[in-house]
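Take a slow look around this model before reading on. We'll begin with a pair of helices and work our way to a metal site.

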Amino acid sequence: MKLELDIKPLKNWFPNYTKPLLIAGPCSAESEEQMLNTAKQVAAFYPNSVFRAGIWKPRTRPNTFEGIGDIGLKWMQTVKKETGLLTATEVANAEHVEKCLKHGIDILWIGARSTVNPFSVQDIADALKGADIPVFVKNPIFPDLQLWAGALERINNSGIKKIAAIHRGFHSYDNGPFRNSPKWELAIELKTACPELPVICDPSHIGGTPELIPYLAQKAMDMDMDGLMIETHFNPISALSDAKQQITPIELKKIIDGLNIRTSSIASIELQTKLVELRSIINKIDNDLLELLAKRMAVSAKIGEYKRSNNVTVLQVSHWRNLIDKSILNANQLGLPEDFIKAVYHLIHDESIRRQTEIMNNPGNHKST
Ligand code: PEP
Ligand code: MN
């Protein structure tokens, strides 16, 4: 894919930038108190971070919280005044852009539901003409790289040179353990087409649950992404949107401080030993293995549900024999020892059976992951 954008480097828009650029704050602006409480804690840990909060919320279904509206702009100003943090919010139309520019919001982002619609993106791009404000473009909900690139081009064509992409995962009918499939390859393809484009990962919307955030954030850093957007709320269970995926500022600190930030500059790669290089390849493969295992278990759970509704036993010995024989044959050809593969498959099979048995016995409370 070809993608030519005229972009100023991150260091130019954020003189204090160190990797990762951190964007933290609640999914939605809810009250001045909620914003200030959250922002003050985040600012105490990361004074160079950006405070995010959605003021107008694009909700998939109506009759849910659709954002606090214009009053949130005033709260953003208070946050900025009291904490010194830069502020960021989502814009979905020209009116949002005008209001944000008028209220001194520092950074705007285009949400996944807007990126899919070139009319909306063009409307936003037109309203941005003449402004000098960073704009982040989230990937479209569907895994269409052209739509993502097209939105970045439209914003760039309107004269905005501080542009970044946000990777927030894609809708798919097989999301594995994630709320949105990461499909890392699409973010990599975008970065490959335009290496000067900063890419920020949003592990909150990919994972959909706090437990997956450390893994996803580390993986994003290993993919050489430039920043992280993480939904942070001083009291996540009370959140009016995305309550299940938000974390507290203290949890955020634990995750960010625990990251292993590897360098990718040519000069230092030359200085690195071969061992460090090989270990990072292994890390990536291990992450892929984990994702594959999680996917495999999700399929097992589906099989379990199917067996339960058809009243079939969990274990079918002949099927299991066939599977292990075939795997050993394949493993031999790949140079993997039989004992090793048998041991691995026994563990996988045990866990698969355990899950299916659980589904048989607790059909009501099972939540397939
Ligand atoms: C959000 O950041 O709260 C949001 C609505 O994200 P997305 O556009 O990625 O769904
Ligand atoms: Mn959200």
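Leu145, Trp148 and Leu152 in helix H7 meet Leu186, Ala187, Glu189 and Leu190 in helix H8, where a contact means heavy atoms within 4.5 Å. Sort those residues and you get 6 nonpolar, no polar and 1 charged. Here Ala, Val, Leu, Ile, Met, Phe, Trp, Tyr, Cys and Pro count as nonpolar, Asp, Glu, Lys and Arg as charged, and the others, Gly among them, as polar. The helix and strand labels come from DSSP runs, with H or I of at least four residues for helices and E of at least two for strands, numbered from the N terminus.

A word on the ground rules: this is a predicted model, so local features need pLDDT of at least 70 and side-chain atom pairs count only at pLDDT 80 or more, while totals for chains, interfaces and linings use all residues. Residues are numbered from 1 along each chain as its sequence is written, chains are lettered from A and ligands numbered from 1 in the order in which they are written, and side-chain values use heavy atoms, with hydrogens and water left out.

How do you describe two helices that pack together? You give the angle between their axes and the distance between the axes. The axes are lines fitted to C-alpha atoms, for helices over the stretch in contact, and angles run from 0 to 180 degrees between N-to-C directions. For H7 and H8, the axes come within 11 Å and cross at roughly 40 degrees. That makes H7 oblique to H8; angles under 35 degrees count as roughly parallel, over 145 as roughly antiparallel, 65 to 115 as roughly perpendicular and the rest as oblique. The crossing of H7 and H8 is right-handed, a label used if the near helix is turned clockwise from the far one by less than a right angle, with anticlockwise giving left-handed.

H7 (residues 145-157) also packs against H6 (residues 118-128), at an angle of about 20 degrees and with the axes 8 Å apart. H6 and H7 are therefore roughly parallel to each other. On the H6 side, the contact includes Pro118, Val121 and Ile124, and on the H7 side Leu147, Ala151, Arg154 and Ile155. This contact divides into 8 nonpolar, 1 polar and 1 charged.

Now compare helices H10 (residues 213-222) and H13 (residues 274-309), which pack at about 140 degrees with axes 11 Å apart. That makes H10 oblique to H13, and their crossing is left-handed. Tyr215, Lys219 and Asp222 in H10 meet Lys284, Asn287, Asp288 and Glu291 in H13. What kinds of residue make up this contact? They are 1 nonpolar, 1 polar and 5 charged.

On to the strands. Eight of them, S1-S2-S3-S4-S5-S6-S7-S8, form a closed barrel with parallel pairing, where two strands pair if DSSP finds at least two bridges between them. Strands S5 (residues 135-138) and S6 (residues 163-167) run parallel and are joined by 4 bridges.

Next, the manganese ion (ligand 2). Which residues coordinate it? Cys27 (SG), His205 (NE2), Glu231 (OE) and Asp242 (OD) do, at 2.1 to 2.4 Å. Donors are N, O and S atoms within 2.8 Å of the metal (3.2 Å for Na, K and Ca), and water is not among the atoms, so sites may look incomplete. Cys27, in the loop between S1 and helix H2, and Glu231, in strand S8, are 204 residues apart.

Last come two backbone details. Most residues other than glycine have a negative phi, and most peptide bonds are trans. The bond from Lys19 to Pro20 is cis, with omega near -5 degrees, and Lys183 has a positive phi near 40 degrees. Pro20 lies in the loop between helix H1 and S1, whereas Lys183 lies in the loop between S6 and H8.
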